[in-house]
Amino acid sequence: MTRNSPHDDGREVLLEGAAAYQRGEVAEALRIFERAARTTTGGLRASALINAASMADELGDHATAIGWYHEALSEIPADAIEKRASALVNYSQALQHVGELDQAQSALEQARALLADNDEFGTLRVACLLSLCAVAFHRGRWHDTIEIATESLDAAVRFAPQLAGHPLMNLAGAYFETGHRELAVDFAAQALAAFESAQDRNGVAETQQNTATMMLRLNRLDEAEPLLQASQEYFERAGLGHRAGIGLKTMGFLAENRGDLDRAYDRYLRGYEYFQASGAVLDAADVQVRLATVAFQTGHMHEGQQLIAAAFHAYAERGLGLHCAQIDYWHATLLEAVLDTMDHPAPEILTAAANLAVTSAVAIDAVRHTFGNGNQREQWNRQIADPAMRMAFRFAYLSGDGPLLTDLIETQCAGTALNIAPSEVREPAQLPFALFDPPTDLLGAHSDGSETGEAGNDPTPSSRDVGPTRASTLDDRRDAADPADRLAEDNGVTDPGAESALDGTETPTLMAGTTPITADRRAGASALQLGAALAEVAASAGLPVAPPPRVSVGPDGHIALAAYVATAEQRYGLNVRDDRVVTA
């Protein structure tokens with residue numbers, strides 16, 4: 001083929017873009033791929049569109065990325081299995097970034113069906129499984145997350161040892177979220193070793209960031225800080241805005257934990273600006289709640305309430321009901337702190353706080369029934385549901401509402417100890433790092449959108465506990481392709497490279513029309529052996545139990561907390577009680 005051939009020129013442009021990406025020049029790679037999309041046709045144009053979309057998504061322009069992916073998919077022939085599957089996996093990444101989890105799941109299921117059991121596309125199948133794991137992580141479906149992560153680890157052992165770090169980190173995250181903290185730290189160490197062995201710079205940085213998050217959640221602040229600083233320098237230098245936003249949010253939490261509220265507000269605000277600019281709505285909403293917390297602590301109650309209302313709206317729009325319940329619970333906690341400063345509690349604040357506390361507690365208490373493991377149920381009840389219910393009891397007591405107290409008592413297990421009095425010394429309210437949201441699919445959706453929960457949700461929201469760990473996928477691929485390698489066929493896509501995004505919203509970036517990174521495919525194989533063994537030993541089965549029944553109480557046989565149950569189901573879009581009715 002001659003030098004002047006448009007076909008040849010198009011291939012050279014794709015290689016040029018891949019080389020720019022490999023150097024960490026994401027914006028330059030985007031410019032090159034955009035140019036290629038304008039000047040080529042057929043399979044090369046589709047590859048250029050996919051790559052341009054991947055670059056846009058990585059730079060935070062998710063809406064543009066979604067449009068380009070959609071355009072590319074409309075041009076890819078049905079028989080171009082590898083390219084189409086790759087585009088679908090990448091498409092799901094952008095969809096997850098904007099909170100469209102149902103569409104992301106649908107795209108991934110299409111990709112999985114295309115790939116089937118064809119070993120020819122083994123590495124791409126690993127990428128698809130990692131993406132499916134990210135969606136399960138988003139939704140807090142821990143059993144599914146562990147199952148898919150284990151399957152993807154097995155696939156990585158077979159097809160792509162250089163990708164070992166991703167499923168290992170997903171197992172770390174899932175086990176951390178379900179309370180197996182030391183096991184999670186072991187998996188994280190294996191993931192870091194795998195990324196280092198594969199010479200995956202981005203994977204190392206992301207694993208550092210997520211290991212720092214674990215250290216924060218374990219209250220090991222001094223160990224977390226250097227990991228955060230190292231990874232933050234890398235992400236900001238590389239222009240990876242979304243990951244930089246995550247780092248700033250984490251740094252804000254660290255500062256807040258140390259009582260430096262000015263620094264915390266600054267870090268949260270900078271993180272919010274990163275997320276807002278990139279269209280990462282859910283991350284932006286999460287930081288709004290954190291900004292609200294600092295606002296309450298510094299006496300700016302009105303500003304705090306406006307921020308909380310905006311965050312609630314963002315989650316409610318996407319059917320993330322248990323996030324909404326947590327925001328209400330946290331709002332009640334902040335109002336409780338305000339009431340504690342008053343000699344005579346303001347009636348309007350007390351009423352608002354009581355309604356928020358009881359309504360959210362009803363939903364949060366029901367969640368423990370969705371876990372398929374008895375230990376997880378017990379942990380959720382002890383560390384999350386109990387504090388929420390204690391707050392409900394306290395506000396019912398402060399309000400002097402005898403019937404409400406009776407209803408609350410009748411709905412609780414006999415022998416539960418209730419501490420409705422405030423502690424003698426109260427620490428300032430601090431939002432846990434993670435918004436918790438367990439398996440909403442088991443809870444039962446009350447509305448069409450309520451199945452879309454988000455992952456990385458912390459089952460232990462104490463004042464010193466943080467999260468989330470995040471689903472590891474093939475995102476932010478700095479070493480996506482080696483420009484010295486051969487190019488894929490016009491209608492195909494090559495194997496993904498070895499990069500990670502431990503972010504519950506991110507899925508693989510697969511470079512179209514270029515070949516994979518030159519890292520040794522055997523790299524990381526030694527790290528897999530212990531990781532696979534851990535996965536096998538740690539896996540356990542369990543069955544969820546039914547949601548709590550409705551309780552008939554009193555001579556009139558009324559349903560306990562009926563009004564609050566109805567409000568919770570309407571407000572959060574979730575079924576929080578079974579149809580069964582039992583008599584107290």
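**View 1. Helices H11 and H12 pack at an angle of about 150°.** This is a predicted model. The two axes lie 8 Å apart. Angles over 145 degrees count as roughly antiparallel, and H11 and H12 are therefore roughly antiparallel to each other. H11 passes H12 in a left-handed crossing. On the H11 side, the contact residues include Arg201, Ala205, Gln208, Ala212 and Met215. H12 contributes residues including Leu221, Ala224, Leu228, Ser231 and Phe235.

**View 2. Asn219 sits in the loop between H11 and H12.** H12 covers residues 221-238. Most residues other than glycine have a negative phi. Asn219 has a positive one, near 65°. The residue is partly exposed, at a relative accessible area of 39%.

**View 3. Gln199 lies in the loop between helices H10 and H11.** H10 spans 181-197 and H11 spans 201-217. Gln199 is not a glycine, yet its phi is positive, at about 55°. Its relative accessible area is 64%. Residues over 50% count as exposed, so Gln199 is exposed.

**View 4. Helix H20 has buried residues along one face.** H20 runs over residues 402-411. Its buried residues are Leu404, Asp407, Leu408 and Thr411. Seen down the axis of H20, they fall within an arc of 100°, so they line one face of the helix. An α-helix has 3.6 residues a turn, so residues three or four places apart point the same way.

**View 5. Asp401 makes a side-chain contact at the start of H20.** A side-chain oxygen of Asp401 comes to within 3.1 Å of a backbone nitrogen, that of Leu404. Leu404 is also one of the buried residues of H20.

Definitions and conventions:
Residues are numbered from 1 along each chain as its sequence is written. This is a predicted model: local features need pLDDT of at least 70, side-chain atom pairs count only at pLDDT 80 or more; totals for chains, interfaces and linings use all residues. Side-chain values use heavy atoms; hydrogens and water are left out. Buried means under 20% relative accessible area, exposed over 50%, partly exposed in between (1.4 Å probe, protein chains only). Helices (H or I, at least four residues) and strands (E, at least two) are DSSP runs, numbered from the N terminus. The arc is that of the directions from the helix axis to the C-beta atoms. A polar contact is a pair of N or O atoms within 3.5 Å; within protein, one must be able to donate a hydrogen and the other to accept it, and residues adjacent in sequence count only if both atoms are side-chain atoms. Axes are lines fitted to C-alpha atoms, for helices over the stretch in contact, and angles run from 0 to 180 degrees between N-to-C directions. Angles under 35 degrees count as roughly parallel, over 145 as roughly antiparallel, 65 to 115 as roughly perpendicular and the rest as oblique. A crossing is left-handed if the near helix is turned anticlockwise from the far one by less than a right angle, and right-handed if clockwise. Contact means heavy atoms within 4.5 Å.
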